[in-house]
Amino acid sequence: MTTALTTTLSETDLALIEQVHGHLCPMVLLGARTAKTARQLVAIPGDALHLYGYYRGYGCAIDGIQIFTGCTWGNQNLVLLRGRNFSFILTVEGAREGVMVLPRPQLLEQIRKEKTPESRSALMEMFTSAPDEEILETEAVVDMGTISGFPGN
């Protein structure tokens, strides 16, 4: 499933990311775009108490995800999964479905290869303003069980 959304990053978003993460880089911007897209695709009922996220990946992207979903390790509503294949699933407490957002596979390889300041700047510009369908894939996740409350409660 592809998305017709465009969830660009504003100057305000970039300032917030830099403040929280400490710098701007391709992976934190990719994480931010992933999170903003997931937030737009997940139906959040008015009485929803919590969002829950499942992140598989590495590096700076996790900060972008935490900033734009509110799912954090400290709040125990973000599960970090082992593995280097970047994926993020967002769901709502009590829901049996969610959305998975993945970067297009060639982009991760491009990030790994691009090490010059010019090539990293080009990637950051793409992750800031390109249409979602150019950088992300989305997939509905159904029948994933339910999450109710914090673990141990």
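This is a predicted model: local features need pLDDT of at least 70, side-chain atom pairs count only at pLDDT 80 or more; totals for chains, interfaces and linings use all residues.
**A friendly note on this fold**

1. Of the 153 residues in the protein, buried ones make up 44%.

2. Next, the parts list. You can find six helices and five strands in the protein. Followed along the sequence, they give the pattern α-α-β-α-β-β-β-α-α-α-β. Among the contacts with a separation of 6 or more, 78% are between residues 24 or more positions apart.

3. How are the five strands arranged? They form an open sheet in the order 2-1-3-4-5, with mixed pairing. Strand 2 (78-81) and strand 5 (136-141) are the edge strands, as each of them pairs on one side only. On average, neighbouring strands of this sheet are turned by 15 degrees against each other, direction ignored.

4. Strand 3 deserves a careful look. Six of its six residues are buried, so strand 3 is largely enclosed by the rest of the structure. In a regular strand, side chains alternate between the two faces of the sheet. Here both faces are covered: Ser87, Ile89 and Thr91 are buried on one side, and Phe88, Leu90 and Val92 are buried on the other.

5. Now for the partners of strand 3. Strand 1 and strand 3 run antiparallel and are joined by six bridges; one place to check this is glycine 53, whose bridge partner in strand 3 is leucine 90. Strand 3 also pairs with strand 4 in the antiparallel sense, over four bridges. There, phenylalanine 88 stands opposite valine 101 of strand 4. The hairpin of strand 3 and strand 4 has five residues between the strands, and in this hairpin glycine 94 takes a positive phi near 85 degrees.

6. Moving on to strand 5, you will see that strand 4 and strand 5 run antiparallel, with six bridges joining them. Valine 99 has alanine 140 in strand 5 as its bridge partner.

7. Helix 3 (residues 61-69) links the sheet to the helices in this tour. Helix 3 lies across strand 1 (51-56), strand 2 and strand 3 (87-92), and runs at about 170 degrees to strand 1. Two packed helices are described by the angle between their axes and the distance between the axes. For helix 2 and helix 3, the axes come within 6 Å and cross at roughly 35 degrees, and the crossing is right-handed. Residues that meet there include Met27, Gly31 and Ala35 from helix 2, with Ala61, Ile65 and Phe68 among those from helix 3.

8. Which residues of helix 4 (residues 105-113) are buried? They are Leu107, Leu108 and Ile111. The buried residues pack against helix 2 (26-41), strand 4 (98-103), helix 5 (117-129) and helix 6 (132-135).

9. Glutamate 133 counts as partly exposed because its relative accessibility is 34%. Although glutamate 133 and threonine 6 are 127 residues apart in sequence, they are 8.0 Å apart in space, C-alpha to C-alpha.

Methods: Residues are numbered from 1 along each chain as its sequence is written. Side-chain values use heavy atoms; hydrogens and water are left out. Buried means under 20% relative accessible area, exposed over 50%, partly exposed in between (1.4 Å probe, protein chains only). Helices (H or I, at least four residues) and strands (E, at least two) are DSSP runs, numbered from the N terminus. Contact means heavy atoms within 4.5 Å. Two strands pair if DSSP finds at least two bridges between them. Axes are lines fitted to C-alpha atoms, for helices over the stretch in contact, and angles run from 0 to 180 degrees between N-to-C directions. A crossing is left-handed if the near helix is turned anticlockwise from the far one by less than a right angle, and right-handed if clockwise.
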